[in-house]
Amino acid sequence: MDYLPLFRRGLDDLGLALTARQVDQFQCYYEELMDWNQRMNLTAVKDYEGVQVRHFLDSLTAAPYVSDEMESLLDIGAGPGFPGLPLKIAFPRLQLMLVDSVGKKTGFLRHIVEELELSDVEVHTGRAEDLAFHSSARESFDVVVTRGVAVMRVLMELTLPFCRTGGTVMTWKKGELEPEISASLHAMEVLGGRLREVAAVDAEGLRDGRVIVLVDKLKASPEKFPRRPGLPQKRPL
Ligand code: SAH
């Protein structure tokens with residue numbers, strides 16, 4: 001079957017080649033997402049083309065920054081799994097943790113992880129502000145990814161504490177970003193991070209001002225961060 005034609009065309013732009021099994025996994029992911037979406041609101045993107053490009057391909061635009069040394073990846077606010085789950089399908093050796101505070105979303109995530117027969121995936125229901133104080137998660141991950149969760153200065157507090165020194169935070173963003181990034185430099189510094197690059201996305205269907213913001217973790221985050229749930233958003237650093 002010629003599954004996911006738009007998606008597969010875009011993969012060339014990212015220098016990625018997937019096996020037939022991986023393409024089948026993405027097709028299954030699409031079908032399950034649409035099926036569950038009829039019963040609960042998981043995504044506003046409901047058409048085959050949209051899911052291929054704006055969910056699957058968009059999630060994989062970080063592929064050029066995924067290196068062989070990276071072993072563990074955490075997705076904060078994964079919702080229906082983006083961008084963490086497509087990255088796991090494309091790079092099966094990664095140990096993945098998906099976090100969302102909403103139980104119905106993590107219910108879908110647990111189902112799809114089982115359906116796709118993915119190993120080394122943990123799904124956690126809860127807030128990043130609480131999970132960051134679990135010793136198994138804090139200062140632990142090689143990569144922390146996040147898309148569509150908050151503005152940069154808030155995200156820094158929700159992501160950097162999970163990143164090991166030497167690791168990277170990758171944030172999916174779109175549009176006029178200069179003010180948002182400038183406003184986040186203080187939070188980055190306080191939490192032990194430093195801006196590395198604002199990398200323009202160059203893939204078919206996604207050349208509309210999308211970027212991935214890469215932040216390096218230089219030193220451990222102070223123990224008082226993140227502050228209690230809600231505070232990072234309410235009173236951004
Ligand atoms: N990353 C997905 C979903 C974005 S919607 C995508 O790009 O499609 C934002 C998600 O983040 C929601 O599912 C919400 O429940 C979750 N979220 C927001 N703040 C959070 C927090 N502090 N801890 C954990 N999850 C959070």
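Reader: How far is the polar side-chain atom of Asp100 from an oxygen atom of the ligand?
Author: That distance is 2.7 Å. A polar contact here is a pair of N or O atoms within 3.5 Å. This is a predicted model: local features need pLDDT of at least 70, side-chain atom pairs need 80 or more, and totals for chains, interfaces and linings use all residues. Residues are numbered from 1 along each chain as its sequence is written, and side-chain values use heavy atoms, without hydrogens and water.

Reader: Which backbone atom of Gly77 lies by a nitrogen atom of the ligand, and at what distance?
Author: A backbone N or O atom of Gly77, at 2.8 Å. A polar backbone atom of Ala128 is 3.0 Å from a ligand nitrogen atom.

Reader: How much of the ligand does the protein bury?
Author: 83% of the 570 Å² that the ligand exposes when taken alone. Those areas come from the Shrake-Rupley method with a 1.4 Å probe.

Reader: New topic. How many salt bridges are there?
Author: The count is 15. Each needs a side-chain nitrogen of Lys or Arg within 4 Å of a carboxyl oxygen of Asp or Glu. One of them joins Arg9 and Glu204, N to O, at 3.0 Å.

Reader: Where do Arg9 and Glu204 sit?
Author: Arg9 is in helix H1 (residues 5-13). Glu204 is in the loop between strand E6 (193-200) and strand E7 (210-217). They are 195 residues apart. Helices (at least four residues) and strands (at least two) are DSSP runs, numbered from the N terminus.

Conventions
A polar contact is a pair of N or O atoms within 3.5 Å; within protein, one must be able to donate a hydrogen and the other to accept it, and residues adjacent in sequence count only if both atoms are side-chain atoms.
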